[in-house]
Amino acid sequence: MSAFALYQNAAAELSVLEKKRPLKVSAKKKKVKENGVGAVKRKTTAVNKKKPKRLVKSVSKGEHQEGAKPCEDNEGGTVLNDLLADLARVNNSRDRASKLFQWLIHPIPAKAFFRDTWEKKPILIRHQNPDYYKGLFSTAEFDRILREDDVQYGVNLDVTSYTNGKRETHNPPGRALPFTVWDFYSSGCSLRMLNPQAFSSTVWNFLAILQEQFGSMAGANVYLTPPGTQGFAPHYDDIEAFVVQLEGKKHWRVYNPRSEDEVLPVNSSRNFSQSEIGKPMLEVVLEAGDLLYFPRGFIHQGDCLPDAHSLHITVSSYQKNSWGDLLAKLVPAALGVAMEEDVEYRQGLPMDYLTYMGVQNSDKEDPRRERFLSRMGGLIQKLAGYAPVDAAVDEKAKEFLHDCLPPALSPEEQASSVQGASTRWGNGRPLNVAARICSQTRVQLIRSGCARLCSDGEVIQLFYSTDNSRVYHKEGLKSFEIKLECADAIEFLIHSYPKFVTVQSVPCDSTEEKIALAEMLFEKGIIRTAEPL
């Protein structure tokens, strides 16, 4: 019997039992089996004693489900807005990201999560608190965005359905207006908002903080599904997924990768039929306040129960962020260096190599093939000595800076940055209002990793993300050229983070150069001052 059916039967049984017996929940810890893994429930509070226990059903009774690890916590979570306000007072943005991620996966310690679970297996977290993630997004905000913002079908919103094994997209052209969108929803279509961070300041702030935890872009999609429907076919993704249930409930099935070739895949999959994916290794009903994580390559599908809608947000990261992706940049660069510096790479191929190499000759027993393969292996092994690893890492860093959301500044940060600086317009004419930075002004990078110094051997450039759009890749990568004599000063500011340092302490030749550099970085939004100017 499926979890869908079990959940319905269990709900009906509980309803009957509640009518026959007084409400009473033992304070003693009870060990329960969930998907074949033991979980320990903590003592319930007085409020929780008035509610029936929530249920999670296993795929088949008694079967051990590898990788399915439910964690339960009914102590209640921090209200998100209060949490974000507290995090805004944390001076180090790396610490800020770490604290936010720990809140997301509480009660599992982040260190244990990355050691035991990350990229390895799914994990289920139950907070037993429907308000734990409240404030991140809501159906009311979905409606507000449709009314107030320019939401375009196919760009910002997809209308989908999955019926009788067939996945369809129903996007008309143009703007998604609420009258039409809610008509689609009432007829059984699912709604997927593709970039909620472009419209929701809370989601923007949440992801802008979290991206520093991963050192990789953090993105999100919001999914709103009507009762008794499914919007998407079974598939796997090329991202690490954190499914955060915000409203209602949803029945999820997660399946192991079908083969080693699909473990941590490079690209997302096509849509699968039910017959191609076998039995799920994890089957669960997510309720508001729950979180489900699964690595890229794990096939998944979610459908709504008949009695409730579902709103969840999937937070994603680590797309195209593997060793192979780094090597894809490193190997061509290494080959370029080798061909410049080593004559062996420039020597001509044997004139007759086409007669004994290639697929049509692969079964030939020819000593020339052995010599050719041996020579090629030696060149490949030797290539490692020419690999410009730091330059390749910088290329990945530039990609990350292009992908990044701009920092969502707190009121204090805004007041001490260029966004809070004096206007250059007054009395109907432009004003020459200087930034008033002096040698004793204390400055700090606006965020860890918001800028990176790179060089191609001839030109030194500073790449930065503070001017990015909230819309993914709406604009190109931002950078400007740095004078050679200022490179040490930029490195000093980057490595000094999170400390505030005086402009005078910046290693430039003269005080005038120090102030000029600080003013330029301030105007780009890369640094802020300790006090509002």
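Student: Before we start, what should I keep in mind about the model?

Tutor: It is a predicted model, in which local features need pLDDT of at least 70 and side-chain atom pairs count only at pLDDT 80 or more, while totals for chains, interfaces and linings use all residues. Residues are numbered from 1 along each chain as its sequence is written, and side-chain values use heavy atoms, with hydrogens and water left out.

Student: How many helices and strands does the protein chain have?

Tutor: Helices (H or I, at least four residues) and strands (E, at least two) are DSSP runs, numbered from the N terminus. Here the protein chain has 13 helices and 21 strands.

Student: What share of the residues in the protein chain is buried?

Tutor: Buried means under 20% relative accessible area, exposed means over 50%, and partly exposed lies in between, using a 1.4 Å probe and protein chains only. Of the 533 residues in the protein chain, 47% are buried.

Student: And what do the contacts say about how the chain folds back on itself?

Tutor: A contact means heavy atoms within 4.5 Å. Take the contacts between residues at least 6 apart in sequence: 78% of them join residues at least 24 apart.

Student: Let's look at strands. Why is β10 described as largely enclosed?

Tutor: In a regular strand the side chains alternate between the two faces of the sheet. For strand β10 (residues 282-287), six of the six residues are buried, so it is largely enclosed by the rest of the structure. L282, V284 and L286 sit on one side, with E283, V285 and E287 on the other.

Student: Which strand pairs with β10 over six bridges?

Tutor: Strands of a sheet pair through backbone hydrogen bonds, either parallel or antiparallel. We call two strands paired if DSSP finds at least two bridges between them. Strand β9 (residues 240-255) pairs with β10 in the antiparallel sense, and V254 stands opposite L282.

Student: What about β4?

Tutor: Strand β4 (residues 123-126) is covered on both faces: I123 and I125 are buried on one side, L124 and R126 on the other. Four bridges link β4 to strand β11 (residues 290-294), again antiparallel, with I125 opposite L291.

Student: Now helices. How do I check the length of α13?

Tutor: The expected span is 1.5 Å times one less than the number of residues. Helix α13 (residues 511-523) has 13 residues and reaches 18 Å from its first C-alpha to its last, close to the expected 18 Å. Its buried residues are K514, I515, L517, A518, L521 and F522. They cover an arc of only 160 degrees around the axis, which puts them on the same side of α13; that arc is taken from the directions from the helix axis to the C-beta atoms. Their cover includes β18 (460-464), β19 (478-482), α12 (487-496) and β21 (527-529). After α13 comes G525, with a positive phi near 80 degrees.

Student: What does α10 pack against?

Tutor: The buried residues of α10 pack against α7 (201-214), α8, β17 (451-455) and β18. Among those buried residues are A392, F400 and L401. The 15 residues of α10 (residues 389-403) should span 21 Å, and the end C-alpha atoms are 21 Å apart, which agrees.

Student: How many disulfides are there?

Tutor: A disulfide is a pair of cysteine sulfur atoms within 2.5 Å, and the structure holds zero. For C404, the nearest cysteine sulfur is that of C450, 9.3 Å away. C404 is buried at 5% relative accessible area, and C189 is buried at 8%.

Student: Is C438 buried or partly exposed?

Tutor: C438 is partly exposed, with a relative accessible area of 38%. It lies in the loop between β15 (429-430) and β16 (442-445). Leaving out residues up to four places away in sequence, C438 touches V503 and I515.
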